[in-house]
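Please open the model in a viewer and keep the selection tool at hand. The stops below are given in the order in which they may be selected.

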Amino acid sequence: MAAGKFADRVTFQRQGVGDDGYGNVTTPWVNYLTVWADMLEGLGREKVAAGRVESPKTATIRIRQSTEAATLTEADRVQARGVAWNIRSIVAVGRNNDVLEMLCEAGVAT
């Protein structure tokens with residue numbers, strides 16, 4: 001994939017473990033990896049879940065394969081275009097599996 005296609009800066013985050021100062025364990029999101037990506041947002045849709053209306057939107061995010069990128073899982077999330085995106089699936093694509101393609105969703109609970 002041509003370098004010019006990777007025009008979005010995205011940050012992958014992982015849940016860390018912390019303490020709120022009162023003895024409670026917290027799991028804040030911690031930045032893990034920042035890379036250039038090719039991001040394509042899809043059309044949003046409305047659905048009713050648990051008695052409330054949700055307006056999720058989807059995106060396909062492609063990044064170059066690397067040692068750090070190979071450790072990404074669906075438990076991580078992506079910060080892109082000012083939105084936190086949940087990763088729903090990850091697959092290696094390309095002739096040499098040199099690109100990771102992720103289906104992501106925002107606007108819904110994790």
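A polar contact is a pair of N or O atoms within 3.5 Å; within protein, one must be able to donate a hydrogen and the other to accept it, and residues adjacent in sequence count only if both atoms are side-chain atoms. This is a predicted model, in which local features need pLDDT of at least 70 and side-chain atom pairs count only at pLDDT 80 or more, while totals for chains, interfaces and linings use all residues. Residues are numbered from 1 along each chain as its sequence is written, and side-chain values use heavy atoms, leaving out hydrogens and water.

Select D8 in strand β1, residues 8-15 (strands are DSSP runs of E, at least two residues, numbered from the N terminus). Its side chain forms a polar contact of 3.1 Å with the side chain of R81. D8 counts as buried because its relative accessibility is 17% (buried means under 20% relative accessible area, with a 1.4 Å probe and protein chains only).

Next, select E105 in strand β10, residues 99-106. E105 is buried, at 10% relative accessibility. The side chains of E105 and R88 are joined by a polar contact of 2.9 Å.

Finally, select F12, I63, V78, W85 and M102, which touch the most other members of the 19-residue largest nonpolar core (a set of buried Ala, Val, Leu, Ile, Met, Phe, Trp, Tyr and Cys residues joined through side-chain atoms within 4.5 Å). Strands β1, β4 (29-41), β7 (57-64), β8 (77-80), β9 (83-93) and β10 each supply at least two residues of this core.

Definitions and conventions: Helices (H or I, at least four residues) and strands (E, at least two) are DSSP runs, numbered from the N terminus. Buried means under 20% relative accessible area, exposed over 50%, partly exposed in between (1.4 Å probe, protein chains only).
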